[in-house]
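Let's take a friendly look at this one, a piece at a time. Have the sequence and the 3D view ready.

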Amino acid sequence: MAILEIKDVTSGYGEVQILWGANLDIEDGRLTSLVGANGAGKTTLMRTIMGSIKPWQGSVIFQGQDISSLPAHAKAELGVVLVPEGRQLFTDMSVEENLEMGASPKRARANVKRNLEFVYEMFPRLKERRAQKSGTMSGGEQQMLAVARGIMAEPVVLMIDELSLGLAPVLVLDLFQSLIRLKNAGLTMILVEQNVQMALAVSDYGYVLAQGRVEIAGPSQDLAENEHVRSAYLGH
Amino acid sequence: MILQLEGVSKNFGGLRALSDVTFDLPEGQILGLIGPNGAGKTTLFNCISGVYAPSEGRVIFRDQEVTGNKPYDMAKAGMARTHQIVRPLNELTVRENVIVGSCFGREGHGLTAAGRIADEVLAFVGLDARRDQLAGSLNVGQKKRLEMARALAARPYLLLLDEVLAGLNPSEIGHMVEIVRNIRDQGVTIIMIEHVMKAVMSVSDRLVVLDYGRQIAEGTPHEVANDPKVIEAYLGDPDLALRLMRDQARTQETA
């Protein structure tokens, strides 16, 4: 069953409409990737699900409940958690302090110790650097920390906006390997990613967004071989 | 050739935003300039139109070297551009905005002649009914057309369009593409930066593709869309994905 349903959602900024009726079903326990060219509406969709912008029309259904009009912090309490594009770390705070900041939802606060152990197991690099100021780490390590901080909120669905943007290939491989570990641990994730090849290699199901709508959807393996995916990007 | 770029590079401190961009643009063509986010497309526009002086290389416009010339000189020489984020003079009317474009353009008209040109250009982009409205009261699609009208009123030989389709709905995109074709048919040469790929692929005679400041491909829409370097720039490195899939298979075996 779908744990998160996005039904006919339209939204945008001011008078600029970005989403023109997006429909997605996110299945429990699955890694779903969301890809699409610049300006397709991926980040806007994440923000609309999260509640930092409200849907103009349509609805966001989480575990059967309509959460469309809830503010972002209320959604985080329910377990909808976003790792934002550009990481947004507290750069003057240590790795561990950043992780503790992630445990802000009530249900996560009691389990900080257990969750810390879990993320340190998933990201051994972060354990080595737990006392280091986060802003002094490499881009790849900072991205790991951003994902780990999201996990500290005990997400039911973890949404990651641009995992690999701006990182060198060796770091990209590292990050995607950690996603595989998280998936095998049973975490439900939505991955927005500009590296389509990597996103489709790691995910179970994929959506290709173009001009504010879902253009193609299907099992990631099928999409990886689908000529229409390339043409959705290159328009030819 | 209306425009020739020879090894144009631009550094910002230690960052090389553009590296050795070289191409010739024949008169009367539409050239699409594409590439992923951060590829250097707008930086290249800024180097061509005089907003930045290139760190290296030469810009030759209508057989004259114009490298490092100021933007207002470029406008007088017959080069006009639109901006990605439109900034009309909100307190002036639509018509007055376009008059400004004409006064500081290639022909440098006085107010009366500029007014006549403004009316012509506004009819051309389909904004004539809104000429006396304040520019600030237009919606996004109309502001994009006003931006285009202001540039056209300068009577350019070369028009640089920076994402004129961004933020438009599908019917507005169709209308704008028509306008671009009509401008070209009147003999104006066009370079357009665009992310709406279907549109830019259909309207361009040739394309130049930038990635990380480098020119990775040049050719017809068909050639470019099938170029492995372009596909990799947009979709990612297939070899890296293959390695990831192998790793994944291995962890599943051991699990």
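How many Å apart do the C-alpha centres of domain 1 of chain B and domain 2 of chain B lie? They lie 26 Å apart.

## Ground rules

This is a predicted model, where local features need pLDDT of at least 70 and side-chain atom pairs count only at pLDDT 80 or more, while totals for chains, interfaces and linings use all residues. Residues are numbered from 1 along each chain as its sequence is written, and chains are lettered from A, with ligands numbered from 1, in the order in which they are written.

## Chain B and its two domains

Domain 1 of chain B covers 1-78 + 157-255, and domain 2 covers 83-156; such bounds come from an automatic or database domain assignment. Where the two touch, 19 residues of domain 1 of chain B meet 15 residues of domain 2 of chain B (contact: C-beta atoms, placed from the backbone, within 7 Å).

On the domain 1 side of chain B, helix H2 (71-77), strand S7 (158-162) and helix H6 (170-185) each supply at least two residues. H6(B) gives the most, with four residues. Helices (H or I, at least four residues) and strands (E, at least two) are DSSP runs, numbered from the N terminus.

## Chain A

Chain A has 11 helices and 10 strands. Its C-alpha trace spans about 50 × 40 × 35 Å along its principal axes. Of its 236 residues, 47% count as buried (20 or more other C-beta atoms within 10 Å of the residue's own, with C-beta atoms placed from the backbone).

Key
Buried ≥ 20, exposed ≤ 12 C-beta atoms within 10 Å, placed from the backbone.
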